[in-house]
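Hi everyone, thanks for making the time. I'd like to walk you through one structure this morning, so please have a look at it before I start talking.

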Amino acid sequence: MCLTREESAALRAVLQNLNRTRTWAEIAREIGVCRNTVRFVANGRTPGSAGLALRVARLAGLGLERILSPGPVDAGKCDRCGRPM
């Protein structure tokens, strides 16, 4: 299942936040996908999927609904508290 534009944007922001502390290869290895899959979703080349969003949510320690719900998700802010990083 492909994600909506808003869901994809939220997933991209979470991946970009994760990339602040891990490489794309490390993120990919931890969630069990190819590095290019992670990079392409994070850069907006592909929209991602619900399965990928679930894996990213587990890695980030967030609920799936937090990742897929449109809202104020910003790569420059903490996903949990909203403070600038």
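Let me begin with confidence: the protein chain has a mean pLDDT of 85, and 81% of its residues reach 70 or more; pLDDT is the predictor's confidence in each residue, from 0 to 100. This is a predicted model, where local features need pLDDT of at least 70, side-chain atom pairs count only at pLDDT 80 or more, and totals for chains, interfaces and linings use all residues. Residues are numbered from 1 along each chain as its sequence is written, and side-chain values use heavy atoms, with hydrogens and water left out. Confidence in the protein chain is highest in helix α2 (residues 24–31), at a mean of 97, and lowest in helix α5 (residues 64–68), at 82.

What does the secondary structure come to? The protein chain has 5 helices and 0 strands, in the pattern α-α-α-α-α along the sequence. Here helices (H or I, at least four residues) and strands (E, at least two) are DSSP runs, numbered from the N terminus.

Of the 85 residues in the protein chain, 34% are buried. Buried means under 20% relative accessible area, exposed over 50%, and partly exposed in between, with a 1.4 Å probe and protein chains only. Among contacts with a separation of 6 or more, 53% join residues 24 or more positions apart; contact means heavy atoms within 4.5 Å.

Now the packing. Two packed helices are described by the angle between their axes and the distance between the axes. Axes are lines fitted to C-alpha atoms, for helices over the stretch in contact, and angles run from 0 to 180 degrees between N-to-C directions. Angles under 35 degrees count as roughly parallel, over 145 as roughly antiparallel, 65 to 115 as roughly perpendicular and the rest as oblique.

Take α1 (residues 5–18) and α3 (residues 35–42): their axes come within 8 Å and cross at roughly 120 degrees, so these two helices are oblique to each other. On the α1 side we have L11, R12, L15 and Q16, meeting V38, V41 and A42 in α3. That contact has 5 nonpolar residues, 1 polar and 1 charged. For the classes, Ala, Val, Leu, Ile, Met, Phe, Trp, Tyr, Cys and Pro count as nonpolar, Asp, Glu, Lys and Arg as charged, and the others, Gly among them, as polar.

How do α2 and α4 cross? Their axes come within 10 Å at roughly 105 degrees, which means α2 is roughly perpendicular to α4. I27, E30 and I31 in α2 meet L52, R55, V56 and L59 in α4, giving 5 nonpolar, no polar and 2 charged residues.

On to the core. The largest nonpolar core has 20 residues, and those with the most contacts inside it are L11, V14, L15, I27, V38, V56 and I67. Such a core is a set of buried Ala, Val, Leu, Ile, Met, Phe, Trp, Tyr and Cys residues joined through side-chain atoms within 4.5 Å. α4 gives the most to this core, with 5 residues. Beyond four places in sequence, V56 is in contact with L11, V14, L15, L18, I31 and I67.

Last, two individual residues. W24 sits in α2 and is buried at 18% relative accessible area. Leaving out residues up to four places away, W24 touches L15, Q16, N19, R35, V38, R39 and A42. S8, in α1, is buried too, at 4%.
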